[in-house]
Amino acid sequence: MERNDEALVLYRQIYARRVEKEGVSHLATITSALSLAVALGSLKHWDEAISLLRDQLPVAWRSLGVDHHLTLLNKITLAAGVTADPERTREDLLEADIMVQDVLKRRRRILGPAHEDTLKAESVLSGLRKFL
């Protein structure tokens with residue numbers, strides 16, 4: 001088993017344990033879900049990563065609020081995953097574009113236009129638009 005595959009097993013275990021001990025809406029569980037989704041994406045398990053992020057986004061909204069850093073990170077990670085997925089459709093990309101625009105608007109308002117996270121969102125939007 002390769003190291004990345006071993007790490008994925010651990011991410012799955014951590015996430016499952018967090019869900020069991022703290023529930024799906026706990027900050028640590030939301031963080032673990034995001035880490036698992038990133039690990040899945042790094043191994044190109046796009047369907048599972050995107051599905052997990054889609055499931056977690058409303059949980060983060062309700063638990064943390066729409067402007068919370070982890071909610072915005074979940075949203076932009078979902079958009080990046082959709083963009084990277086070779087099975088994506090034009091509709092998927094248009095939905096991702098709307099998500100990134102929302103993240104960018106919120107980050108500009110909360111963090112300012114020169115903040116590193118705002119600039120990353122601009123970069124994600126620019127990369128996504130190359131596919132539209």
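Author: Helices here are DSSP runs of H or I with at least four residues, numbered from the N terminus. An α-helix has 3.6 residues a turn, so residues three or four places apart point the same way. Glu116 and Lys120 form a salt bridge, with their closest N and O atoms 3.2 Å apart; the term requires a side-chain nitrogen of Lys or Arg within 4 Å of a carboxyl oxygen of Asp or Glu. Lys120 has a relative accessible area of 46% and is partly exposed, where buried means under 20%, exposed over 50% and partly exposed in between (1.4 Å probe, protein chains only).

The model is predicted: local features need pLDDT of at least 70, side-chain atom pairs count only at pLDDT 80 or more, and totals for chains, interfaces and linings use all residues. Residues are numbered from 1 along each chain as its sequence is written, and side-chain values use heavy atoms, leaving out hydrogens and water.

The count of salt bridges comes to 12. One of them joins Glu122 to Arg108, with 3.0 Å between the closest N and O atoms. Glu122 belongs to helix H6 (residues 116-129) and Arg108 to helix H5, so this pair ties together parts that are 14 residues apart in sequence. Both partners count as partly exposed: Glu122 has 28% relative accessibility, and Arg108 has 42%.

Helix H5 is also reached from helix H4. Lys75 and Asp102 meet through their side chains in a salt bridge of 2.6 Å, N to O. This pair links distant parts of the chain, since Lys75 sits in helix H4 and Asp102 in helix H5 (residues 90-111), 27 residues apart. Lys75 and Asp102 are both buried. They also belong to a network of salt bridges, together with Asp67, Lys105, Arg106 and Arg109.

The buried residues of H3 include Trp46, Ile50, Leu53, Leu57 and Ala60. Helix H3 itself covers residues 46-64, and a kink of about 25° lies at Gln56, shortly before Pro58; the bend is the angle between axes fitted to the seven residues ending at a residue and the seven starting there. Just after H3, Gly65 adopts a positive phi of about 100°.

How values were computed:
Helices (H or I, at least four residues) and strands (E, at least two) are DSSP runs, numbered from the N terminus. The expected span of a helix is 1.5 Å times one less than its number of residues.
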